Amino acid sequence: MSTSRNVTAAPEDSSDGPGTSPDRDSAPFVGRRIRVAVIGTGAIARGSHVPALARLAEEGETEVVAAADIAGDTVREFCAEAGIPHAYTDPHRMLAEQRPDLVAVCTPPALHRGQTVAALRAGAWVWCEKPPVLTLADFDAVGAAEGETGGPYAAVVLQHRFGSGARHVKRLLDGRAMGRPLVAHCQTTWYRNADYYAVPWRGRWETEGGGPAMGHGIHQMDLLLDLMGPWREVRAMAGRLVHDVQTEDVSTALVRFESGALATVVNSVLSPDEVSRIRVDCERATVELTHLYGHRNADWRVTPAPDVSRDDVAVWRDFGPDVPSSHLAQLRDLVASMRAGERPRGSGADGRTSLELITALYKSAFTDTTVRAGEVGPGDPYYTALHGGAPGWAPSTGESVPAASREVSA
């Protein structure tokens, strides 16, 4: 979950029409660096976005021209440390004056929709931290503000599906090199104490969107979907076992994929022995990833069935040069898509799939039913709130959100 400081949210506009950029060239990124702006200057911006952008700047691909944050002293310090020329406390003014090509949104979740739509309407592509927005309705509103052909598009930070390990395993699974995928396990079992939830916007539907299924497990669930393909149905349970929060602090789910494969999914913030894990049992081998916040080639293990030839095993275990999963790996892919005028991975329907599964997980857990892909849409209460108004989970009538939560202060 992003812990960055916030910028005032862009006003919501019910029209949410396509983004336009009337003064831009038809091929605006040819022969020059991509101009980038950052909204939100907290930990995720400092620790992940700025280093990735700096690396691409060294290679002549990008330049960071501005940053915005509601805290003036913080954004000025941020810009001074990173060598960014322009600091703003108003993101709308920054968009108007600097006209960036790409905006990195690094603020808490409740601000993502407004800031993403504002950037798209200003003609900028967007790279938004997870969770991208609070609901499927919000995601569809963002999609309505994207350009119709050639961008601008809004991509979600889903860096775990990038890098050499994920790319190699996806190629093996897509090509059925190890046979059909049959059984999978997806695990995000982390530990968060009471101090973590003392931050006012955490653990609340209105400001965080959901609990560990939404804010923590989304990365492994997205990687699972990227490897396994479309899902068909989900059956889930959720609990609030330790923390005094509105959302869950643990969930489990059973998922059936279109291929017929079955998977278990566990998301927890109650687990002192922290691990992130993906395991896929295929007809001829098991492939497993064990890590925490990012993976390298060495974190993947391939275990063949007894009758598999050594030559096949050697091919499966040859991951090639090690490219870790990272913001840098995804940013490279995004910049390449911008220069090609193509929709990037992690945007549009490809970026929506993990949010749709998470929404279905909550609906299944809170209604004690099996939920099928495509079932949650306009008119469904879970389309506009992940608690769906469920008794015992939805905020109580008249329950107020603390002022600090409404401001989404980090």
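**Close-up views of helix packing and aromatic contacts**

View 1. Val142 is buried, with a relative accessible area of 8%; buried means under 20% relative accessible area, exposed over 50% and partly exposed in between, with a 1.4 Å probe and protein chains only. The model is predicted: local features need pLDDT of at least 70, side-chain atom pairs count only at pLDDT 80 or more, and totals for chains, interfaces and linings use all residues. Residues are numbered from 1 along each chain as its sequence is written, and side-chain values use heavy atoms, with hydrogens and water left out. Val142 belongs to helix α5; helices (H or I, at least four residues) and strands (E, at least two) are DSSP runs numbered from the N terminus. Not counting residues up to four places away in sequence, Val142 touches Arg113, Thr116, Val117, Leu120, Val133 and Ala154, where contact means heavy atoms within 4.5 Å.

**View 2. Helix α4 against helix α5.** The axes of helix α4 (residues 112–121) and α5 come within 9 Å and cross at roughly 10°. Axes are lines fitted to C-alpha atoms, for helices over the stretch in contact, and angles run from 0 to 180 degrees between N-to-C directions. The two helices α4 and α5 are therefore roughly parallel to each other; angles under 35 degrees count as roughly parallel, over 145 as roughly antiparallel, 65 to 115 as roughly perpendicular and the rest as oblique. From α4, Arg113, Thr116, Val117 and Leu120 meet Asp138, Ala141, Val142 and Ala145 of α5. This contact of α4 with α5 has 5 nonpolar, 1 polar and 2 charged residues. Ala, Val, Leu, Ile, Met, Phe, Trp, Tyr, Cys and Pro count as nonpolar, Asp, Glu, Lys and Arg as charged, and the others, Gly among them, as polar.

**View 3. Helix α5 against helix α12.** Helix α5 (residues 136–145) and helix α12 (residues 348–367) have axes that come within 10 Å and cross at roughly 170°. That angle makes α5 roughly antiparallel to α12. Leu136, Phe139 and Asp140 of α5 meet Gly348, Gly351, Arg352, Leu355, Glu356 and Thr359 of α12. By class, the contact of α5 with α12 divides into 3 nonpolar, 3 polar and 3 charged residues.

**View 4. Aromatic pairs.** The count comes to 9 aromatic pairs; rings of Phe, Tyr and Trp (its six-membered ring) pair if their centres lie within 6.5 Å, and planes under 30 degrees apart count as stacked, over 60 as edge-to-face and the rest as tilted. Trp125 and Tyr153 are an edge-to-face pair, 5.3 Å centre to centre with 85° between the planes. Trp125 lies in strand β5 (residues 125–128) and Tyr153 in the loop between α5 and β6 (154–156), so the pair ties together parts that are 28 residues apart in sequence. Both Trp125 and Tyr153 are buried. The ring centres of Tyr362 and Phe366 are 5.7 Å apart and the planes are at 40°, so this pair is tilted. Tyr362 and Phe366 are 4 residues apart in helix α12, about one turn of the helix, and both are buried.

**View 5. An aromatic cluster and charges over rings.** One aromatic cluster is formed by Trp205, Tyr362, Phe366 and Trp393. Arg240 lies over the face of Trp393, 4.3 Å from the ring centre. Likewise, Arg202 lies over the face of Tyr196, at 3.8 Å from the ring centre. A charge sits over a ring if NZ of Lys or CZ of Arg is within 6 Å of the ring centre and within 35 degrees of the ring normal.
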